[in-house]
Amino acid sequence: MPLVKIIAKNFMDMVASLTARDLDRLYENPFICEAILRSLPPLAKKYVMQMFYIDGAIPAKMMEEWVLPDGFTKHRVAIDRLVQLRLFSEEKKKETTYRLNSTFQSNLRKHLIYGGALPREPMPSGITARLPTLEDLEAYAIGQWECFLLQLISSTQAERPTNFSSSMMKVFQRGLLSRRDKEAPRLTESGFQFLLMDTNAQLWYIVREYISNSQERGINQADLISFLLELSFHVAGEGRKENWFIPTKLATNLSMSLTDSSARKEGFIVVETNFRMYAYSTSKLHCEILRLFSKVEYQLPNLIVGAITKESLYNAFENGITAEQIISFLQQNAHPRVADRMPSVPENVCDQIRLWESDLNRVEMTPAHYYDEFPSRDVFEAACDYARDQSGLLWEDPKKMRLVVKAEIHMHMREFLRGQNK
Amino acid sequence: MVNAIKGLFISCDIPMAQFIINMNASMPQSQKFIIHILDSTHLFVQPNMAEMIRSAIAEFRDQNSYEKPA
(Lines give C-alpha, C1' and ligand atoms only; values in the text may rest on other atoms or scores of the structure.)
Protein backbone atom coordinates (compact mmCIF):
# COMPACT_ATOMS: atom_id res chain seq x y z
CA MET A 1 0.00 0.00 0.00
CA PRO A 2 2.04 2.93 -1.25
CA LEU A 3 0.45 5.62 0.90
CA VAL A 4 1.31 3.84 4.13
CA LYS A 5 4.86 3.45 2.90
CA ILE A 6 5.10 7.14 2.22
CA ILE A 7 3.83 8.08 5.65
CA ALA A 8 6.06 5.54 7.35
CA LYS A 9 8.97 6.80 5.30
CA ASN A 10 8.25 10.29 6.57
CA PHE A 11 8.44 8.92 10.06
CA MET A 12 11.80 7.40 9.25
CA ASP A 13 12.95 10.69 7.78
CA MET A 14 12.09 12.25 11.09
CA VAL A 15 14.09 9.59 12.91
CA ALA A 16 16.98 10.21 10.55
CA SER A 17 16.89 13.90 11.32
CA LEU A 18 17.52 13.37 15.02
CA THR A 19 20.91 14.43 16.29
CA ALA A 20 23.77 11.98 16.08
CA ARG A 21 23.83 11.52 19.84
CA ASP A 22 20.10 10.78 19.98
CA LEU A 23 20.38 8.31 17.15
CA ASP A 24 23.17 6.44 18.85
CA ARG A 25 21.10 6.22 22.01
CA LEU A 26 18.17 4.94 20.00
CA TYR A 27 20.23 2.11 18.64
CA GLU A 28 20.85 0.74 22.09
CA ASN A 29 17.33 -0.62 22.01
CA PRO A 30 17.20 -3.85 19.98
CA PHE A 31 13.59 -3.32 18.94
CA ILE A 32 14.36 0.01 17.37
CA CYS A 33 17.12 -1.67 15.41
CA GLU A 34 14.68 -4.21 14.10
CA ALA A 35 12.08 -1.58 13.25
CA ILE A 36 14.62 0.45 11.35
CA LEU A 37 15.88 -2.63 9.56
CA ARG A 38 12.32 -3.33 8.43
CA SER A 39 11.87 0.14 7.07
CA LEU A 40 14.98 0.20 4.91
CA PRO A 41 14.74 -0.13 1.12
CA PRO A 42 15.32 -3.75 0.03
CA LEU A 43 18.86 -3.22 -1.26
CA ALA A 44 19.86 -1.49 1.94
CA LYS A 45 18.46 -4.40 3.94
CA LYS A 46 20.58 -6.77 1.93
CA TYR A 47 23.72 -4.73 2.51
CA VAL A 48 23.11 -4.56 6.25
CA MET A 49 22.56 -8.30 6.46
CA GLN A 50 25.72 -8.94 4.48
CA MET A 51 27.70 -6.73 6.83
CA PHE A 52 26.24 -8.42 9.92
CA TYR A 53 29.25 -10.47 10.83
CA ILE A 54 31.94 -8.38 9.17
CA ASP A 55 33.74 -6.23 11.69
CA GLY A 56 36.05 -4.32 9.41
CA ALA A 57 35.29 -1.72 6.78
CA ILE A 58 34.39 -2.56 3.21
CA PRO A 59 35.66 -0.33 0.41
CA ALA A 60 32.96 1.39 -1.58
CA LYS A 61 34.42 0.10 -4.83
CA MET A 62 33.80 -3.49 -3.76
CA MET A 63 30.20 -2.70 -2.92
CA GLU A 64 29.68 -1.17 -6.31
CA GLU A 65 30.85 -4.41 -7.88
CA TRP A 66 27.94 -6.21 -6.25
CA VAL A 67 25.47 -4.29 -8.38
CA LEU A 68 24.72 -4.56 -12.09
CA PRO A 69 25.17 -1.26 -13.96
CA ASP A 70 21.47 -0.55 -14.38
CA GLY A 71 20.87 -0.98 -10.65
CA PHE A 72 23.28 1.78 -9.80
CA THR A 73 20.70 4.39 -8.84
CA LYS A 74 19.09 1.96 -6.38
CA HIS A 75 22.53 1.29 -4.96
CA ARG A 76 23.14 5.01 -4.44
CA VAL A 77 19.74 5.47 -2.82
CA ALA A 78 20.38 2.58 -0.43
CA ILE A 79 23.85 3.83 0.54
CA ASP A 80 22.61 7.38 1.08
CA ARG A 81 19.83 6.14 3.31
CA LEU A 82 22.22 4.06 5.37
CA VAL A 83 24.63 6.94 5.81
CA GLN A 84 21.76 9.25 6.73
CA LEU A 85 20.61 6.88 9.46
CA ARG A 86 24.21 6.62 10.67
CA LEU A 87 24.16 2.90 10.09
CA PHE A 88 27.07 3.14 7.73
CA SER A 89 29.95 5.29 8.81
CA GLU A 90 32.07 6.58 6.01
CA GLU A 91 35.82 6.71 6.30
CA LYS A 92 37.80 8.44 3.62
CA LYS A 93 41.45 7.54 3.78
CA LYS A 94 42.90 6.41 0.51
CA GLU A 95 39.47 5.41 -0.74
CA THR A 96 35.99 5.53 0.82
CA THR A 97 35.11 2.59 3.01
CA TYR A 98 31.92 1.86 4.93
CA ARG A 99 31.57 0.26 8.30
CA LEU A 100 28.36 -0.88 9.99
CA ASN A 101 27.43 0.95 13.21
CA SER A 102 28.72 -1.29 16.01
CA THR A 103 25.89 -0.87 18.53
CA PHE A 104 23.38 -1.63 15.82
CA GLN A 105 25.39 -4.62 14.73
CA SER A 106 25.75 -6.18 18.18
CA ASN A 107 22.10 -5.63 19.00
CA LEU A 108 20.94 -7.30 15.82
CA ARG A 109 23.32 -10.19 16.34
CA LYS A 110 21.84 -10.79 19.78
CA HIS A 111 18.38 -10.50 18.30
CA LEU A 112 19.24 -13.07 15.67
CA ILE A 113 20.60 -15.54 18.21
CA TYR A 114 18.06 -15.18 20.96
CA GLY A 115 14.95 -14.75 18.85
CA GLY A 116 13.96 -11.32 20.01
CA ALA A 117 11.30 -12.29 22.51
CA LEU A 118 10.24 -9.61 24.95
CA PRO A 119 10.96 -10.20 28.61
CA ARG A 120 7.66 -11.32 30.04
CA GLU A 121 7.09 -11.37 33.73
CA PRO A 122 4.65 -14.09 34.65
CA MET A 123 1.42 -12.47 35.71
CA PRO A 124 -0.35 -13.57 38.89
CA SER A 125 -3.14 -15.95 37.98
CA GLY A 126 -5.79 -13.74 39.51
CA ILE A 127 -5.21 -11.16 36.84
CA THR A 128 -4.93 -13.51 33.89
CA ALA A 129 -8.45 -14.70 34.49
CA ARG A 130 -9.69 -11.18 34.08
CA LEU A 131 -7.77 -10.42 30.90
CA PRO A 132 -10.06 -9.39 28.09
CA THR A 133 -10.30 -11.76 25.15
CA LEU A 134 -8.94 -10.92 21.73
CA GLU A 135 -12.39 -10.11 20.38
CA ASP A 136 -13.07 -7.73 23.22
CA LEU A 137 -9.78 -6.05 22.53
CA GLU A 138 -10.56 -5.65 18.85
CA ALA A 139 -13.97 -4.25 19.59
CA TYR A 140 -12.49 -1.83 22.09
CA ALA A 141 -9.79 -0.70 19.68
CA ILE A 142 -12.26 -0.18 16.86
CA GLY A 143 -14.64 1.64 19.17
CA GLN A 144 -12.00 4.03 20.44
CA TRP A 145 -10.64 4.71 16.98
CA GLU A 146 -14.11 5.48 15.63
CA CYS A 147 -14.81 7.74 18.54
CA PHE A 148 -11.60 9.53 17.82
CA LEU A 149 -12.36 10.02 14.14
CA LEU A 150 -15.95 10.99 14.81
CA GLN A 151 -14.59 13.60 17.19
CA LEU A 152 -12.72 14.99 14.24
CA ILE A 153 -15.76 15.20 12.00
CA SER A 154 -18.41 16.13 14.47
CA SER A 155 -16.37 18.82 16.12
CA THR A 156 -17.04 20.68 12.93
CA GLN A 157 -20.75 20.35 13.41
CA ALA A 158 -21.46 20.70 17.09
CA GLU A 159 -19.55 21.23 20.29
CA ARG A 160 -19.04 17.87 21.97
CA PRO A 161 -17.39 17.31 25.32
CA THR A 162 -13.87 16.22 24.62
CA ASN A 163 -12.48 13.30 26.47
CA PHE A 164 -9.15 13.37 24.72
CA SER A 165 -6.22 15.14 26.23
CA SER A 166 -5.33 18.61 25.14
CA SER A 167 -2.21 17.38 23.38
CA MET A 168 -4.37 15.34 21.01
CA MET A 169 -6.48 18.37 20.25
CA LYS A 170 -3.31 20.24 19.44
CA VAL A 171 -2.36 17.47 17.04
CA PHE A 172 -5.68 17.97 15.28
CA GLN A 173 -5.38 21.67 15.07
CA ARG A 174 -1.95 21.52 13.63
CA GLY A 175 -2.81 20.05 10.31
CA LEU A 176 -6.34 18.87 10.19
CA LEU A 177 -8.67 21.43 11.68
CA SER A 178 -8.53 25.12 11.20
CA ARG A 179 -9.91 27.16 14.00
CA ARG A 180 -11.49 30.44 13.11
CA ASP A 181 -12.89 32.76 15.73
CA LYS A 182 -16.63 32.81 16.19
CA GLU A 183 -17.05 29.88 13.84
CA ALA A 184 -16.99 26.21 14.58
CA PRO A 185 -13.63 24.74 13.62
CA ARG A 186 -13.60 23.48 10.04
CA LEU A 187 -11.77 20.53 8.61
CA THR A 188 -8.97 21.60 6.32
CA GLU A 189 -8.14 19.97 3.02
CA SER A 190 -5.63 17.64 4.64
CA GLY A 191 -8.28 16.85 7.21
CA PHE A 192 -10.56 15.47 4.54
CA GLN A 193 -7.76 13.52 2.96
CA PHE A 194 -6.84 12.18 6.38
CA LEU A 195 -10.34 10.77 6.82
CA LEU A 196 -10.18 8.89 3.57
CA MET A 197 -6.80 7.38 4.32
CA ASP A 198 -6.25 3.84 5.44
CA THR A 199 -6.15 3.21 9.25
CA ASN A 200 -2.44 2.49 9.34
CA ALA A 201 -1.62 5.64 7.43
CA GLN A 202 -3.81 7.60 9.84
CA LEU A 203 -2.04 6.08 12.83
CA TRP A 204 1.39 6.95 11.48
CA TYR A 205 0.29 10.51 10.78
CA ILE A 206 -0.92 10.94 14.36
CA VAL A 207 2.23 9.39 15.78
CA ARG A 208 4.37 11.66 13.70
CA GLU A 209 2.46 14.81 14.61
CA TYR A 210 2.46 13.81 18.27
CA ILE A 211 6.21 13.38 18.23
CA SER A 212 6.87 16.67 16.48
CA ASN A 213 4.58 18.26 19.03
CA SER A 214 6.42 16.74 21.93
CA GLN A 215 9.41 18.94 21.27
CA GLU A 216 7.37 21.89 22.40
CA ARG A 217 6.44 20.10 25.58
CA GLY A 218 10.01 19.29 26.44
CA ILE A 219 9.85 15.51 26.17
CA ASN A 220 12.89 14.07 24.50
CA GLN A 221 11.97 12.90 21.03
CA ALA A 222 14.29 9.92 21.09
CA ASP A 223 12.72 8.51 24.24
CA LEU A 224 9.26 8.90 22.80
CA ILE A 225 10.15 7.21 19.54
CA SER A 226 11.78 4.30 21.30
CA PHE A 227 8.77 3.83 23.57
CA LEU A 228 6.33 3.86 20.69
CA LEU A 229 8.33 1.49 18.58
CA GLU A 230 8.83 -0.90 21.45
CA LEU A 231 5.10 -0.84 22.09
CA SER A 232 4.50 -1.96 18.57
CA PHE A 233 6.47 -5.13 19.06
CA HIS A 234 4.28 -6.52 21.79
CA VAL A 235 1.90 -9.22 20.70
CA ALA A 236 -1.72 -8.13 20.89
CA GLY A 237 -3.44 -9.40 23.98
CA GLU A 238 -0.50 -10.00 26.28
CA GLY A 239 -0.23 -7.79 29.30
CA ARG A 240 2.67 -6.64 31.43
CA LYS A 241 2.70 -6.81 35.19
CA GLU A 242 3.40 -3.31 36.37
CA ASN A 243 1.31 -0.55 34.91
CA TRP A 244 -0.71 -2.80 32.93
CA PHE A 245 -1.34 -2.04 29.42
CA ILE A 246 -2.52 -4.51 26.88
CA PRO A 247 -1.61 -3.63 23.36
CA THR A 248 -4.33 -3.87 20.78
CA LYS A 249 -4.12 -4.66 17.11
CA LEU A 250 -3.76 -0.98 16.29
CA ALA A 251 -0.45 -0.75 18.06
CA THR A 252 1.02 -3.95 16.71
CA ASN A 253 0.09 -3.03 13.20
CA LEU A 254 2.31 0.01 13.51
CA SER A 255 5.50 -1.95 13.22
CA MET A 256 4.09 -4.33 10.65
CA SER A 257 3.11 -1.49 8.43
CA LEU A 258 6.70 -0.37 8.23
CA THR A 259 7.12 -3.05 5.60
CA ASP A 260 4.68 -3.36 2.78
CA SER A 261 2.23 -5.81 4.22
CA SER A 262 -0.61 -4.97 6.53
CA ALA A 263 -3.83 -6.51 7.69
CA ARG A 264 -6.72 -6.02 5.34
CA LYS A 265 -10.00 -5.08 6.89
CA GLU A 266 -13.33 -6.24 5.57
CA GLY A 267 -14.66 -4.09 2.78
CA PHE A 268 -18.28 -3.01 2.81
CA ILE A 269 -19.04 -0.87 -0.24
CA VAL A 270 -20.69 -1.97 -3.46
CA VAL A 271 -20.74 0.56 -6.31
CA GLU A 272 -23.07 -0.08 -9.24
CA THR A 273 -22.76 1.11 -12.81
CA ASN A 274 -25.78 3.35 -12.35
CA PHE A 275 -23.79 5.38 -9.78
CA ARG A 276 -25.65 3.98 -6.81
CA MET A 277 -23.71 2.92 -3.77
CA TYR A 278 -24.59 0.38 -1.11
CA ALA A 279 -22.52 0.30 2.06
CA TYR A 280 -23.13 -2.60 4.42
CA SER A 281 -22.07 -0.99 7.63
CA THR A 282 -23.51 0.11 10.94
CA SER A 283 -20.82 2.59 11.79
CA LYS A 284 -21.66 6.25 12.06
CA LEU A 285 -18.14 7.07 10.98
CA HIS A 286 -18.62 5.30 7.65
CA CYS A 287 -21.85 7.18 7.11
CA GLU A 288 -20.12 10.49 7.70
CA ILE A 289 -17.26 9.62 5.39
CA LEU A 290 -19.67 8.61 2.65
CA ARG A 291 -21.56 11.82 3.13
CA LEU A 292 -18.36 13.66 2.23
CA PHE A 293 -18.58 12.74 -1.41
CA SER A 294 -21.94 11.10 -2.10
CA LYS A 295 -25.59 11.85 -1.49
CA VAL A 296 -26.75 9.46 1.23
CA GLU A 297 -30.35 8.60 0.51
CA TYR A 298 -31.43 5.96 3.00
CA GLN A 299 -29.92 4.69 6.19
CA LEU A 300 -31.18 1.27 7.25
CA PRO A 301 -30.10 -0.72 10.31
CA ASN A 302 -27.33 -2.48 8.44
CA LEU A 303 -27.15 -0.66 5.13
CA ILE A 304 -26.41 2.83 3.85
CA VAL A 305 -27.78 3.59 0.39
CA GLY A 306 -26.45 6.54 -1.54
CA ALA A 307 -25.78 7.91 -4.99
CA ILE A 308 -22.66 9.48 -6.42
CA THR A 309 -23.86 12.67 -8.07
CA LYS A 310 -22.19 15.61 -9.72
CA GLU A 311 -23.26 17.96 -6.93
CA SER A 312 -21.96 15.71 -4.18
CA LEU A 313 -18.66 15.30 -5.98
CA TYR A 314 -18.32 19.03 -6.61
CA ASN A 315 -18.82 19.48 -2.88
CA ALA A 316 -16.01 17.05 -2.18
CA PHE A 317 -13.71 18.72 -4.71
CA GLU A 318 -14.35 22.08 -3.15
CA ASN A 319 -13.25 20.66 0.17
CA GLY A 320 -9.97 19.59 -1.33
CA ILE A 321 -10.52 15.87 -1.85
CA THR A 322 -9.15 14.58 -5.15
CA ALA A 323 -10.83 12.11 -7.49
CA GLU A 324 -7.98 9.64 -7.01
CA GLN A 325 -8.53 9.58 -3.26
CA ILE A 326 -12.22 8.91 -3.62
CA ILE A 327 -11.63 6.15 -6.14
CA SER A 328 -8.92 4.49 -4.08
CA PHE A 329 -11.11 4.73 -0.97
CA LEU A 330 -13.91 2.94 -2.84
CA GLN A 331 -11.55 0.33 -4.18
CA GLN A 332 -9.88 -0.39 -0.87
CA ASN A 333 -13.18 -0.73 0.93
CA ALA A 334 -14.91 -2.80 -1.73
CA HIS A 335 -17.25 -5.46 -0.40
CA PRO A 336 -15.83 -9.01 -0.65
CA ARG A 337 -18.56 -9.94 -3.15
CA VAL A 338 -17.29 -7.44 -5.70
CA ALA A 339 -13.67 -7.25 -4.59
CA ASP A 340 -12.73 -10.26 -6.69
CA ARG A 341 -14.20 -8.76 -9.81
CA MET A 342 -11.72 -6.80 -11.87
CA PRO A 343 -12.19 -3.82 -11.52
CA SER A 344 -13.89 -3.66 -8.15
CA VAL A 345 -15.41 -0.27 -8.89
CA PRO A 346 -17.04 -0.01 -12.36
CA GLU A 347 -14.90 1.82 -14.90
CA ASN A 348 -17.66 4.15 -16.02
CA VAL A 349 -17.99 5.44 -12.45
CA CYS A 350 -14.24 5.93 -12.08
CA ASP A 351 -13.95 7.67 -15.42
CA GLN A 352 -16.88 9.93 -14.73
CA ILE A 353 -15.48 10.97 -11.36
CA ARG A 354 -12.20 11.89 -13.05
CA LEU A 355 -14.00 13.73 -15.84
CA TRP A 356 -16.00 15.78 -13.36
CA GLU A 357 -12.82 16.69 -11.57
CA SER A 358 -11.06 17.81 -14.74
CA ASP A 359 -14.13 19.83 -15.69
CA LEU A 360 -13.38 22.05 -12.74
CA ASN A 361 -9.83 22.62 -13.91
CA ARG A 362 -10.34 23.54 -17.55
CA VAL A 363 -8.39 26.74 -17.35
CA GLU A 364 -4.89 27.15 -15.97
CA MET A 365 -3.79 30.63 -14.98
CA THR A 366 -0.24 31.67 -14.18
CA PRO A 367 0.99 35.17 -13.34
CA ALA A 368 3.52 35.91 -16.05
CA HIS A 369 5.41 38.47 -18.11
CA TYR A 370 5.28 38.91 -21.87
CA TYR A 371 8.41 39.93 -23.79
CA ASP A 372 8.58 41.10 -27.39
CA GLU A 373 10.51 43.49 -29.66
CA PHE A 374 13.73 41.62 -29.34
CA PRO A 375 16.56 43.45 -31.17
CA SER A 376 17.88 40.29 -32.84
CA ARG A 377 17.18 36.59 -33.20
CA ASP A 378 20.27 35.70 -31.15
CA VAL A 379 19.06 37.67 -28.15
CA PHE A 380 15.68 35.97 -28.49
CA GLU A 381 17.23 32.50 -28.62
CA ALA A 382 19.48 33.28 -25.65
CA ALA A 383 16.50 34.55 -23.65
CA CYS A 384 14.51 31.40 -24.50
CA ASP A 385 17.31 29.13 -23.38
CA TYR A 386 17.82 31.10 -20.20
CA ALA A 387 14.13 30.90 -19.34
CA ARG A 388 14.10 27.18 -20.10
CA ASP A 389 17.05 26.62 -17.77
CA GLN A 390 15.28 28.47 -15.00
CA SER A 391 12.19 26.33 -15.78
CA GLY A 392 10.12 29.44 -16.23
CA LEU A 393 9.38 29.33 -19.94
CA LEU A 394 5.63 29.22 -20.49
CA TRP A 395 5.25 29.96 -24.20
CA GLU A 396 7.37 31.17 -27.11
CA ASP A 397 6.75 32.22 -30.68
CA PRO A 398 9.94 31.96 -32.75
CA LYS A 399 8.34 33.47 -35.88
CA LYS A 400 7.40 36.77 -34.29
CA MET A 401 10.04 36.53 -31.51
CA ARG A 402 7.66 36.70 -28.56
CA LEU A 403 8.16 35.10 -25.19
CA VAL A 404 6.04 34.45 -22.07
CA VAL A 405 7.87 33.76 -18.87
CA LYS A 406 6.74 33.06 -15.27
CA ALA A 407 6.46 36.11 -13.03
CA GLU A 408 8.87 34.67 -10.43
CA ILE A 409 11.88 34.89 -12.71
CA HIS A 410 11.10 38.28 -14.22
CA MET A 411 13.86 39.97 -12.19
CA HIS A 412 16.45 37.44 -13.34
CA MET A 413 15.32 37.85 -16.94
CA ARG A 414 15.69 41.60 -16.70
CA GLU A 415 19.25 41.26 -15.39
CA PHE A 416 20.05 38.74 -18.08
CA LEU A 417 18.69 40.94 -20.85
CA ARG A 418 20.56 43.95 -19.54
CA GLY A 419 23.70 41.83 -19.62
CA GLN A 420 22.92 40.84 -23.20
CA ASN A 421 22.63 44.42 -24.31
CA LYS A 422 26.20 45.30 -23.54
CA MET B 1 15.13 47.31 -26.30
CA VAL B 2 12.98 44.40 -25.23
CA ASN B 3 9.48 45.30 -24.13
CA ALA B 4 8.02 43.59 -21.06
CA ILE B 5 4.35 43.52 -20.07
CA LYS B 6 3.08 42.12 -16.80
CA GLY B 7 -0.08 40.02 -16.84
CA LEU B 8 -1.72 36.64 -16.50
CA PHE B 9 -0.97 33.71 -18.78
CA ILE B 10 -3.98 31.50 -19.51
CA SER B 11 -3.68 27.99 -20.86
CA CYS B 12 -6.90 26.12 -21.67
CA ASP B 13 -8.69 24.13 -24.35
CA ILE B 14 -10.04 25.72 -27.54
CA PRO B 15 -13.73 26.06 -26.52
CA MET B 16 -12.74 27.77 -23.26
CA ALA B 17 -10.41 30.12 -25.12
CA GLN B 18 -13.26 31.10 -27.43
CA PHE B 19 -15.51 31.60 -24.43
CA ILE B 20 -13.03 34.00 -22.86
CA ILE B 21 -12.54 35.87 -26.14
CA ASN B 22 -16.29 36.20 -26.50
CA MET B 23 -16.59 37.49 -22.96
CA ASN B 24 -13.91 40.05 -23.74
CA ALA B 25 -15.70 41.19 -26.86
CA SER B 26 -18.91 41.77 -24.98
CA MET B 27 -17.24 44.06 -22.45
CA PRO B 28 -17.22 47.84 -22.89
CA GLN B 29 -13.96 49.24 -24.30
CA SER B 30 -12.59 50.39 -20.95
CA GLN B 31 -13.00 46.93 -19.42
CA LYS B 32 -11.52 44.78 -22.15
CA PHE B 33 -8.88 42.61 -20.53
CA ILE B 34 -7.16 40.55 -23.22
CA ILE B 35 -3.75 41.97 -23.98
CA HIS B 36 -2.70 39.41 -26.60
CA ILE B 37 -4.23 36.30 -28.12
CA LEU B 38 -1.15 34.09 -28.36
CA ASP B 39 -2.63 31.09 -30.19
CA SER B 40 -5.78 28.96 -30.17
CA THR B 41 -5.16 27.64 -26.66
CA HIS B 42 -3.20 30.40 -24.93
CA LEU B 43 -4.10 33.96 -23.96
CA PHE B 44 -2.37 36.80 -22.16
CA VAL B 45 -4.68 38.98 -20.09
CA GLN B 46 -4.50 41.71 -17.49
CA PRO B 47 -3.24 40.58 -14.12
CA ASN B 48 -6.18 40.85 -11.75
CA MET B 49 -8.80 39.20 -13.93
CA ALA B 50 -8.29 35.69 -12.54
CA GLU B 51 -11.27 35.71 -10.16
CA MET B 52 -13.60 37.24 -12.70
CA ILE B 53 -12.71 34.72 -15.36
CA ARG B 54 -13.08 31.85 -12.90
CA SER B 55 -16.52 32.98 -11.76
CA ALA B 56 -17.67 33.51 -15.35
CA ILE B 57 -16.60 29.95 -16.21
CA ALA B 58 -18.36 28.60 -13.12
CA GLU B 59 -21.56 30.38 -14.11
CA PHE B 60 -21.30 29.00 -17.63
CA ARG B 61 -20.83 25.51 -16.22
CA ASP B 62 -23.85 25.85 -13.92
CA GLN B 63 -26.01 27.01 -16.81
CA ASN B 64 -25.11 23.80 -18.59
CA SER B 65 -26.04 21.47 -15.76
CA TYR B 66 -29.50 20.28 -15.01
CA GLU B 67 -30.57 19.75 -11.44
CA LYS B 68 -33.64 17.72 -10.81
CA PRO B 69 -36.13 19.72 -8.71
CA ALA B 70 -36.04 18.03 -5.33
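**Close-up 1. Pairing of strands β1 and β3 of chain B in the predicted model.** Strand β1 (residues 3–11) of chain B runs antiparallel to strand β3 (residues 42–45) of chain B, and the two are joined over four bridges. Within this pairing, B:F9 stands opposite B:F44 in β3(B).

**Close-up 2. The open sheet formed by strands of chains A and B.** Six strands, paired in the antiparallel sense, follow one another in the order β11(A)-β12(A)-β10(A)-β1(B)-β3(B)-β2(B). Because β11 (393–397) of chain A and β2 (34–39) of chain B each have a single partner strand, they stand at the edges, and one side of each is left without a neighbour in the sheet. From one strand to the next, the twist averages 30 degrees.

**Close-up 3. Helices packed on the sheet.** Helix α1 (residues 14–25) of chain B lies across β1, β2 and β3 of chain B, where it runs at about 150 degrees to β2(B).

**Close-up 4. The contact of α1(B) with α2(B).** The axes of α1(B) and helix α2 (residues 50–64) of chain B come within 11 Å and cross at roughly 110 degrees, so that α1(B) is roughly perpendicular to α2(B). The crossing is right-handed. From α1(B), the residues B:M16, B:F19, B:I20 and B:M23 meet B:M52, B:I53, B:A56, B:I57 and B:F60 in α2(B); by class, this contact has nine nonpolar residues, with no polar and no charged ones.

How values were computed:
Residues are numbered from 1 along each chain as its sequence is written. Chains are lettered from A and ligands numbered from 1 in the order in which they are written. This is a predicted model: local features need pLDDT of at least 70, side-chain atom pairs count only at pLDDT 80 or more; totals for chains, interfaces and linings use all residues. Side-chain values use heavy atoms; hydrogens and water are left out. Two strands pair if DSSP finds at least two bridges between them. Axes are lines fitted to C-alpha atoms, for helices over the stretch in contact, and angles run from 0 to 180 degrees between N-to-C directions. Contact means heavy atoms within 4.5 Å. Angles under 35 degrees count as roughly parallel, over 145 as roughly antiparallel, 65 to 115 as roughly perpendicular and the rest as oblique. A crossing is left-handed if the near helix is turned anticlockwise from the far one by less than a right angle, and right-handed if clockwise. Ala, Val, Leu, Ile, Met, Phe, Trp, Tyr, Cys and Pro count as nonpolar, Asp, Glu, Lys and Arg as charged, and the others, Gly among them, as polar.
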